[in-house]
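Hi everyone, thanks for making the time this morning. Let me put the structure up on the screen, and then we can walk through it together.

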Amino acid sequence: MKIAVIGASAGIGLEVSRLALEKGHEVTSLSRRDVPLPDHAKLRRVQGSATNSNDVRAAVEGAEAILRSTSTSSSDERPLVGGRSVVLYDSFAQPESDHEEVKALIDNPYARRVVVYTWNFHPELVSMARDLGVHGYLSKALSARELVAALESVHAGEIVVSPSVAKARSQGGD
């Protein structure tokens, strides 16, 4: 998998980068300072800022997954997402009992909004997730463009539940 890590020079960003490389993933790191990882055939370094859209575009180009793990310490920078985090919980075909993990995310003060990303749209699961307080329940059948639009809507404060997979497939799309 190709993973972009924004804020890869320390903390969780550094650890995720290290672990991803150990597991054989390709990692692109974006950081203002040098990332303390040894040279690796699957590591691409981008020096830049999480608040500069050109730097971010360069880092996430071709990425299949993006992790943002940054803080801004200098007064001339502002957080890329205005200090509000959206956590995308990928169900990875977990059994229906993953509601405890979702609840833990919802209770986490750093996860301002939680979105479930899944193929499973059983009405009881959608209802249970909504009752827990998720801000979105999104289908893996969404195109990349639709997924980004949905996440932007969640970030803006909307509750987004995409159509079920069967319904999404019958309606088509890009």
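Predicted model: local features only at pLDDT ≥ 70, side-chain atom pairs only at ≥ 80, totals over all residues.

Now step back into α2 itself, which covers residues 53-60. At its start, a side-chain oxygen of N52 comes to within 2.8 Å of the backbone nitrogen of N54. Which residues of this helix are buried? They are D55, V56 and A59. If you look down the axis of α2, those buried residues fall within an arc of 95 degrees, so they line one face of the helix. That face packs against three strands, namely β1 (2-6), β2 and β3. Over on the other side of α2, N54 and R57 are exposed.

Two of those strands bring us to my next stop, K42. This lysine sits in the loop between β2 (26-31) and β3 (43-47). Is K42 buried, exposed or partly exposed? Its relative accessible area is 37%, and because that lies between the 20% and 50% cut-offs, K42 counts as partly exposed. What does K42 touch, if we leave aside its neighbours within four places in sequence? The contacts are L21, G24, H25, E26 and V27. With G24 there is a polar contact to point out: the backbone oxygen of G24 lies 2.9 Å from a polar atom of the K42 side chain. As for V27, it is 15 residues from K42 in sequence, and the two C-alpha atoms are 6.2 Å apart in space.

Next, the aromatics. The structure holds one aromatic pair. The ring centres of F121 and Y137 are 5.0 Å apart and the planes meet at 85 degrees, so this pair is edge-to-face. The two partners are 16 residues apart and link distant parts of the chain: F121 is in the loop between β6 (113-118) and α4 (123-132), while Y137 belongs to strand β7, residues 136-139. Both F121 and Y137 are buried.

Let me finish by zooming out. The chain has six helices and eight strands, and along the sequence they follow the pattern β-α-β-β-α-β-β-α-β-α-β-α-β-α. Of its 174 residues, 34% count as buried. Taking contacts between residues at least 6 apart in sequence, 50% join residues at least 24 apart. Finally, the accessible surface comes to about 10400 Å², and carbon and sulfur atoms account for 51% of that.

Definitions and conventions. Residues numbered from 1 in each chain as written. Heavy atoms only, no water. Helix = DSSP H or I, 4+ residues; strand = E, 2+ residues; numbered from the N terminus. Buried < 20%, exposed > 50% of the residue type's maximum accessible area, 1.4 Å probe, protein only. Contact = heavy atoms within 4.5 Å. Polar contact = N/O pair within 3.5 Å; in protein donor to acceptor, adjacent residues only side chain to side chain. Arc of directions from axis to C-beta. Phe/Tyr/Trp six-rings, centres within 6.5 Å; stacked < 30°, edge-to-face > 60°. Areas by Shrake-Rupley, 256 points an atom, 1.4 Å probe, with all protein chains shown as cover.
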